[in-house]
Amino acid sequence: NGALGKVWNEEMSSSMLGKRLRKVVQNYQAMNKYGVRYSRPESAARRSKLSGPELLCQIKNTVQIATLTPDMEPFSGFPWASQLPPQQITANIGPFKTCAVVSSAGSLKNSGLGKEIDEHDAVMRFNAAPTTGFEKDVGSKTTVRLINSQVMSSEDYHFLSSNLYSAGILVSWDPAPFSSDLREWFNKTDYPIFKQYQRYRRLHPQQPFYILHPRMEWQLWQRIQDNMVETIQKNPPSSGLLGTVLMMSLCEVVHVYEFLPSRRKTELCHYYQRFSDAACTLGAYHPLLYEKNLVKRMNKGSDHDIYTHGKVTLPGFMTFDC
Ligand code: C5P
């Protein structure tokens, strides 16, 4: 796949995609399901490209990491609001020294990264990504699992009955309207996140389970768009980027694995499934290509680390002043 080059090129654009994928991305760029209203800020239009450290500061200063609490309207009026954790996730867990974020990419297969991943103080995984049977490549520790509302709702994932989800802290999210108004979102979720949340909590009342405030999705989306020349898909960022930024607020250093593909790059979608599609690595619905450009720009590690380990090093927000 020539589109990926040796390691991720931070100037990747949709023009470097194959014909089919380019068409899919263009279709999503034209759609506006969530009512995104965007005009490039004057400051962004005037300045030249931000450096990595400037970008890190911009994200630290403008993306608020928040989870739903029982006092927030309209939830405060519902009996089940008491199932929500009373405090913010950032008040309850961490800070951790070292964290690993394990993308679910097919290139983790045969990576042998399991031991290195497990040596971190906290490990984040996504959606239905298993560890059992894959320990050698992805490790066995799960501290936080970030899941989307589709995984919570679709029969295929057995969210309520599988023990895949019972390790660690759960954090869920759902693509909300751009307004991020909680009442508007409550009436217009993509999938029935709140119904499934209540059911899961009744079955597993002891497991910590947070719901991301949807403002975060769109604040992060704006950072991506502000820093790209092209028009990006008007859909929320992928779980991978949301989780990475969440971990940057909980950890001193974050190592992200196979988000930027290593020399093992493959069209295999996930290390745990047979399905192949370049869209999994390059994005279709999510502005994943542009997310990867930003992560490449913020990376403090070497290209060699990317090439051999698919590894990116990002500093936690607590470790730098802006
Ligand atoms: O597919 P899923 O969303 O569960 O994967 C978790 C995250 O890993 C994605 O949101 C994406 O950021 C990243 N990923 C990737 N390349 C792949 C598969 C997943 O970058 N081939």
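Reply:

The model is predicted: local features need pLDDT of at least 70 and side-chain atom pairs 80 or more, while totals for chains, interfaces and linings use all residues. Numbering starts from 1 along each chain as its sequence is written, and side-chain values use heavy atoms, without hydrogens or water.

W185 and F194 belong to one aromatic cluster, together with F75, F78, W80, F159, Y165, F186, Y197, Y200 and F209. The structure holds 24 aromatic pairs (ring centres of Phe, Tyr or six-membered Trp rings within 6.5 Å; planes under 30 degrees apart are stacked, over 60 edge-to-face, the rest tilted). One of them joins Y28 and Y285 edge-to-face, at 5.7 Å centre to centre and 90° between the planes. This pair links distant parts of the chain, 257 residues apart: Y28 is in helix α1, and Y285 is in the loop between α12 and α13 (helices are DSSP runs of H or I, at least four residues, numbered from the N terminus). Y28 is partly exposed, with a relative accessible area of 23%, and Y285 is partly exposed at 22%. In the pair of W185 and F194, the ring centres are 5.0 Å apart and the planes stand at 70°, so this pair is edge-to-face.

Helix α13 covers residues 288-298, and its axis comes within 8 Å of that of α3 (residues 52-62), crossing at roughly 115° (axes are fitted to C-alpha atoms over the stretch in contact; angles run from 0 to 180 degrees between N-to-C directions). G52, L55, L56 and I59 of α3 meet L294, R297 and M298 of α13 (heavy atoms within 4.5 Å). These contact residues divide into 5 nonpolar, 1 polar and 1 charged.

Helix α13 also takes part in the pockets. The largest pocket is lined by 37 residues, and N127, N148, H270, C280 and H286 lie nearest its centre. The elements giving two or more residues to this lining are α1 (19-30), α7 (149-153), α11 (239-248), α12 (279-282) and α13. By class, the lining has 19 nonpolar, 14 polar and 4 charged residues. The second largest pocket has 18 lining residues, with K49, N227, M228, V229 and R297 closest to its centre. Here α13 gives the most to the lining, with 3 residues. The lining of the second largest pocket divides into 6 nonpolar, 4 polar and 8 charged residues.

Definitions and conventions. Nonpolar A, V, L, I, M, F, W, Y, C, P; charged D, E, K, R; others polar. 1 Å grid on protein atoms, 1.4 Å probe; cavity = no way out; pocket = protein on both sides within 12 Å on 5 of 7 lines; lining within 4 Å. Buried < 20%, exposed > 50% of the residue type's maximum accessible area, 1.4 Å probe, protein only.
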